[in-house]
Amino acid sequence: MKPPRYIRRRRSPPGTAPGTLTADPGAHPSTIHAFRYSAEGVEESDQILTCKPGTVLWLNVDGLADTALLQRIGEIFGLHPLALEDVVNGHQRPKAEEYEAHQFIALRMPDRRAGLVATEQVTMFLGDGFVITFQERSGDVFDPVRVRLRNPQGQMRKRGADYLCYALLDAVIDAFFPVLEVLGEQLETLEDEVVFKASATEMGDIHAIKRDLMTVRSAVWPLRDLVSALTREETPRFTETTRLYLRDCQDHAVQIIETLQTYREIATGLVDILLSSQSNKINEVMQVLTLIATIFIPLTFIVGVYGMNFDDMPELHWRWGYPAVMAIMAAIAGVLAWWFWRKGWLGPKR
């Protein structure tokens, strides 16, 4: 069965009360992994941990099927119901919103599976001493952050929750670079082949890459505004030191956007080159057929004249008439073919 080209997500019915948590029927089971760390050490658990003075808590939830669990987490940490509603609705545009008790961030994380570029929604809550992340399924790009937290010699344990939030944002944004590298390699391969052999398969490959580029663009384009909003001084959850790192994230987002625009122009140019190449091949075939038809024009005239069978045509009763006509026709065809070849209209291009 052919997989669907576009993922259609379930939305809440119109008129639903704000803050209602309605899980998608295809949502993955919910699992928890928590980090609670400080400069002295780190504690990991698969249960809900609470904040302690002098520590930073990172609570990660994979899968959004258990709405009761999400509701309990929201009650423990004071998460706003509207923000929790955005968590279970996986069609949110990347954004950053400031609430009284926390900062809410929604963005899309790359997920390359089965040769297709896909994204999943990741939501973050930054509060006093805690960061809570929600993902649609298990498997993410946060393993480098976990390694840094487990490293006793690392500097990350000495930072606050805002730096952890930055590290997670940076991991999501940087995860788009490998995706772009793969798409860039595919474009280079097609660019080398499209000029020499034009086929319907290559046209389909180009359209598939353009569709992947559109998927990445829809996920990355709003990130520039999102990170820009977090770097403003009006955002109290991030310190001035962390804002410096956020500016680096903004530079990465801009770099990805510029690369995407370049790749889209290359893909569009490949379509034009492929169509031009196909048109040139059709023109070459038509040229050969036209030359063949031109060669047969005088031959057809001669055959037509001697096919009239008038009695007063002496060549009809001449013993050597047939060989002579065939020789003349062969000579005419040979001269025309030589002339066309000399002009470069027939045969391989010189």
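Where does pLDDT (the predictor's confidence in each residue, from 0 to 100) stay under 50? Select residues 1–8: that is where pLDDT stays under 50, and the model has two contacts beyond four places in sequence for this stretch. A contact here means heavy atoms within 4.5 Å.

Before moving on, some ground rules. This is a predicted model, where local features need pLDDT of at least 70 and side-chain atom pairs count only at pLDDT 80 or more, while totals for chains, interfaces and linings use all residues. Numbering runs from 1 along each chain as its sequence is written, and side-chain values use heavy atoms, with hydrogens and water left out.

Now colour everything by confidence. The mean pLDDT of the protein is 84, and 89% of its residues reach 70 or more. In the cartoon, look for eight helices and seven strands; these are DSSP runs numbered from the N terminus, with helices being H or I of at least four residues and strands E of at least two. Of the contacts with a separation of 6 or more, 64% are between residues 24 or more positions apart.

Next, select strand E2, residues 42–45, and zoom in on Ser45. Ser45 has a relative accessible area of 17%, so it counts as buried (under 20%, against over 50% for exposed and in between for partly exposed, with a 1.4 Å probe and protein chains only). Show its neighbours: leaving aside residues up to four places away in sequence, Ser45 touches Ile32, His33 and Ala34. The Ser45 side chain also reaches the backbone nitrogen of Gln47 at 3.0 Å.

Jump to helix H2, residues 81–88, which is mostly covered, with six of its eight residues buried. Highlight Ala83, Leu84, Glu85, Asp86, Val87 and Val88 to see the buried ones. Across the whole protein, buried residues make up 40% of the 350.

Last stop: helices H4 (residues 161–174) and H5 (residues 176–194), whose axes come within 5 Å and cross at roughly 5°. Because of that angle, H4 is roughly parallel to H5 (angles under 35 degrees count as such). Show side chains where Val172, Ile173 and Asp174 of H4 meet Phe176, Phe177 and Pro178 of H5. By class, this contact has five nonpolar, no polar and one charged residues.

Notes. Polar contact = N/O pair within 3.5 Å; in protein donor to acceptor, adjacent residues only side chain to side chain. Axes fitted to C-alpha atoms, helices over the stretch in contact; angles between N-to-C directions. Parallel < 35°, antiparallel > 145°, perpendicular 65-115°, else oblique. Nonpolar A, V, L, I, M, F, W, Y, C, P; charged D, E, K, R; others polar.
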